[in-house]
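I am opening a notebook on this structure. The entries below record what I looked up, in the order I went.

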Amino acid sequence: MGRGLRGVRLDHNSPVPLYHQAAREIERAIEDGRLPRGSKLESEVELAERLGISRPTMRQAIKQLVDKGLLIRRRGIGTIVAPRPVRRAVALTSLYDDLKKAGREPETRVLSFRRGRCPAEVADELGIGAGDRVFIFDRLRITDSGDPEPIALMHNVVPAGILEISREDLEETGLYEVFRRGGVTPHVATQRIGARKAGEKEAELLEIEAGDPVLTMTRVAYDTEGRPIEYGSHCYPAESYWFEMMLVDM
């Protein structure tokens, strides 16, 4: 994807560091479409040669853009321009529904699915007894924006008395649609949003590097009768999301 940087010249006499100049030129190329979202960059060596700088300087420029969420290092692929992030309002919606609304086709890979006893720490969140029967499942959400892109790793616990759930249901559609089909209406939720570094297993599944930032979300959802219906603990590549909310002066 060097075409997007063809003709770019950095000013070696400028007080602005060369790595910052390089990062700024790449960012401009992303913003004006010369480097399309989801496209793969040339190697550090090729980019450094194209821009007339050293490889360590180029590496520093790329790191700056990775930290800003504009570039992603994909394991086994290289460095790519980050796809446009999914805009999520702070509202009771599912990722599946948000992706469909954004025109992106979601796919779900069910990593594990079982019916078992509720872990004590989750039982407290759901207001049920430790050891009560629950569905426990882990899913990898993938969206196709040219190339399949892992976009979320999701762990959920659902009380077994709410409705029946199958692995096939979860592969076909989003959890909230499964609820709606079963006559259960998600109504309100408590949610915590945070950030941390990706662990080895998370990084492997999300195709990022271990230690890269991930956005985290923990949610307990309730239906129209006030019953807790879902505990969710999800993580997302940080560059893939931004949340929007309205703040009011009370």
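**Entry 1: Asp-212**

I began with Asp-212. Setting aside neighbours within four places in sequence, I find Asp-212 in contact (heavy atoms within 4.5 Å) with Arg-73, Arg-196, Lys-197 and Ala-198. I note that this is a predicted model, where local features need pLDDT of at least 70, side-chain atom pairs count only at pLDDT 80 or more, and totals for chains, interfaces and linings use all residues. Residues are numbered from 1 along each chain as its sequence is written, and side-chain values use heavy atoms, with hydrogens and water left out.

Where does Asp-212 lie? I place Asp-212 in the loop between helix 8 (200-206) and strand 8 (213-223). Helices (H or I, at least four residues) and strands (E, at least two) are DSSP runs, numbered from the N terminus. Is Asp-212 buried or exposed? Asp-212 has a relative accessible area of 17%, so it counts as buried. The cut-offs are under 20% relative accessible area for buried, over 50% for exposed, and partly exposed in between (1.4 Å probe, protein chains only).

**Entry 2: the whole chain**

I counted eight helices and ten strands in the chain. Of its 250 residues, 46% are buried. Among contacts with a separation of 6 or more, 60% come from residues 24 or more positions apart.

I checked pLDDT, the predictor's confidence in each residue, from 0 to 100. The chain averages 83, and 84% of the residues score at least 70. Confidence is lowest in strand 3 (residues 86-89), with a mean of 51, and highest in helix 6 (residues 167-172), at 93.

**Entry 3: the cores**

Next I looked for nonpolar cores: sets of buried Ala, Val, Leu, Ile, Met, Phe, Trp, Tyr and Cys residues joined through side-chain atoms within 4.5 Å. The largest has 22 residues, and Leu-35, Met-58 and Leu-71 touch the most other members. Helix 1 (18-31), helix 2 (44-51) and helix 3 (55-67) each give two or more residues to this core. A second, separate core has 16 residues, including Val-158, Ile-165, Leu-170 and Phe-179.

I followed Leu-71 further. Beyond its neighbours within four places in sequence, its contacts include Ile-30, Leu-41, Ile-62 and Val-81.

**Entry 4: helix 3**

Helix 3 has 13 residues. From first C-alpha to last it reaches 18 Å, close to the 18 Å expected at 1.5 Å a residue; the expected span is 1.5 Å times one less than the number of residues. Which residues of helix 3 are buried? I list Thr-57, Met-58, Ala-61, Ile-62, Leu-65 and Val-66. Their cover includes helix 1, helix 2, strand 1 (71-74) and strand 2 (78-81). Just after helix 3, Gly-69 takes a positive phi of about 85°.

**Entry 5: strand 6**

Strand 6 (residues 148-159) has ten of its twelve residues buried, so it is largely enclosed by the rest of the structure. Five bridges join strand 6 to strand 9 (residues 228-237), and the two run antiparallel. Strands pair if DSSP finds at least two bridges between them. Met-154 has His-234 in strand 9 as its bridge partner.

**Entry 6: two more residues**

Asp-169 is in helix 6. At 25% relative accessibility, Asp-169 counts as partly exposed. Ala-120 is in helix 5 (residues 120-126). Ala-120 also counts as partly exposed, at 45%. I found 9.5 Å between the C-alpha atoms of Ala-120 and Asp-132, twelve residues apart along the chain.
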